[in-house]
Each structure stands twice: as C-alpha cells, then as structure tokens.
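Kindly keep the sequence and the model in view while reading.

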Amino acid sequence: QEAVGAAVAAFPEWSATPAAERAECLRRFADLLEQHTPALMMLAVREAGKTLNNAIAEVREAVDFCRYYADEAEHTCGERKPVGTIVAISPWNFPLAIFTGEVVAALAAGNTVVAKPAEQTSLIAGYAVSLMHEAGIPTSALQLVLGAGDVGAALTQDPRIGGVIFTGSTEVARLINQTLAKRDDSPVLIAE
C-alpha cells in the first residue's frame, strides 16, 4: 500500500521531468551496470544459477535496454502521455535483463514504477534498483517490493495503478488480465 502510494504521489513530478533528463538517468544507469558487472554477474550466478557466459549476457542485455529506452524517451515518448504508476513483475530466469527492461521502459515513458521481482532473485533486483537511484531516478518514482505471488497479486489489484508489465506464466498473466478487466478505467497490461 505504501509503495504504491509513494509511486502514485511521485507521478506528477516524474512525468513532468523532461524526456532528455529521464534518458540521461537511464544512460547513467547503463554506465553503472557496466561498472558493477562482476557483482551483478555473481548475483546472477548465485540466485538464478546462471553460467558465467549467461551472467555476462544478462548485464549486456540490461545495458542495451537502458540505452535503447533512453533513445526512445528522447524520440517518441514526448508524443505520448504516460499512464501513471506501473507495476513491473519480472521472472527469476532473467533476473537482471527482463527486470531492467520492464522498469526502464516504464520510467522512460514518464511512468512511476513499483517493481516486484521473482522472490528467488530479490538480491540482484535490489542491487539494480540501488544503481538506478544512484543514477538519478528518484526513490519515490521507483519502488522495490519483495515477496512471493501474493505480493504481486496485491499490487496488481490496487486500483491506483495505471497498468502492469508482466513476464511469466500464461496462467498468471490471465489472472492479472481478469483482475484489470474488472476496472472501468482501462489499465494497461503488457504481458509476455
């Protein structure tokens, strides 16, 4: 409740932040990811069982997402209005790349985010969020919530959110879709 409330309260200020500033935060975050590659690789190996080659690929893909969405923020996000506070729920098997992609896409567009990683990979998500905050993303605009599926369900049922970005099982995506479909305000669902 408090995390969603903080993100909702931060939305007016973050959405009014010029796209170029949001993009610069994402580029600084990409640089920090590269600087912290060994620690991030270690966490990917420890929490998700990644091989070293897969762990370096995780970091590289996360960096690519940051730079791609930074460019998108500058070139296309000015034409569209952000939707509000987004809940981003990511899987354990891509604990940095997909987590980062979901979060930075929403932030680049001017949305605030409540990020909920898979419970198995909370350490790498926490590390990534601390780097995002260090890169200039306000702590109020990006909230990290840890827990199992019941936490994700509570977040997706909160009527204050503007949408959900979800990567995971088809079954859970259907449940999220059914929850959001009950609302009159047409929240966004992006599910993979």
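**Notes on the predicted model**

1. The largest nonpolar core of this predicted model has 41 residues, and those that touch the most other members are Phe29, Leu33, Val103, Met132 and Leu142. At least two residues of this core come from each of the helices α2 (19–35), α3 (37–48), α4 (52–75), α5 (97–108) and α6 (122–134), and from each of the strands β1 (85–89) and β2 (112–116). In soluble globular proteins, nonpolar side chains tend to be buried together.

2. When neighbours within four places in sequence are left aside, Val103 is in contact with Ala88, Val113, Ala115, Met132 and Leu142. There is also a second, separate core of 15 residues, with Ala3, Val145, Ala173 and Ile176 among them.

3. In what order do the five strands of the open sheet stand? The order is β3-β2-β1-β4-β5, and the pairing is parallel. The strands β3 (142–144) and β5 are the edges, since each pairs on one side only. Averaged over the sheet and with direction ignored, neighbouring strands are turned by 15 degrees against each other.

4. The pairings may be followed strand by strand. Three bridges join β2 to β3 in the parallel sense, and Ala115 stands opposite Leu144 of β3. β1 and β4 run parallel and are joined by four bridges; here Ile89 faces Phe166 in β4. Four bridges also connect β4 with β5 (residues 188–191), again in parallel, and Gly163 has Val188 of β5 as its bridge partner. Between these two strands the chain passes through helix α8 (residues 170–181), and this β-α-β crossover from β4 to β5 is right-handed.

5. Strand β4 (residues 163–166) deserves a separate remark: are its faces covered or open? Both are covered, with Gly163 and Ile165 buried on one side and Val164 and Phe166 buried on the other. In a regular strand the side chains alternate between the two faces of the sheet.

6. In one, Arg27 pairs with Asp71, and their closest N and O atoms are 2.7 Å apart. Because Arg27 belongs to α2 and Asp71 to α4, this pair ties together parts that are 44 residues apart in sequence. In the other, Asp31 pairs with Arg67 at a closest N and O distance of 2.8 Å. Asp31 lies in α2 and Arg67 in α4, so parts 36 residues apart in sequence are tied together.

7. Asp31 is partly exposed at 34%, and Arg67 is partly exposed at 32%. A further salt bridge joins Lys50 to Glu58, with the closest N and O atoms 3.2 Å apart; both of these residues, Lys50 and Glu58, are buried. Salt bridges with shared partners also unite Arg27, Asp71 and Glu74 in one network. The count for the model comes to eight salt bridges.

Note on methods:
Residues are numbered from 1 along each chain as its sequence is written. This is a predicted model: local features need pLDDT of at least 70, side-chain atom pairs count only at pLDDT 80 or more; totals for chains, interfaces and linings use all residues. Side-chain values use heavy atoms; hydrogens and water are left out. A nonpolar core is a set of buried Ala, Val, Leu, Ile, Met, Phe, Trp, Tyr and Cys residues joined through side-chain atoms within 4.5 Å. Buried means under 20% relative accessible area, exposed over 50%, partly exposed in between (1.4 Å probe, protein chains only). Contact means heavy atoms within 4.5 Å. Two strands pair if DSSP finds at least two bridges between them. A crossover is right-handed if, with the strands pointing away from the viewer, the path from the first strand over the helix to the second runs clockwise. A salt bridge is a side-chain nitrogen of Lys or Arg within 4 Å of a carboxyl oxygen of Asp or Glu. Axes are lines fitted to C-alpha atoms, for helices over the stretch in contact, and angles run from 0 to 180 degrees between N-to-C directions.
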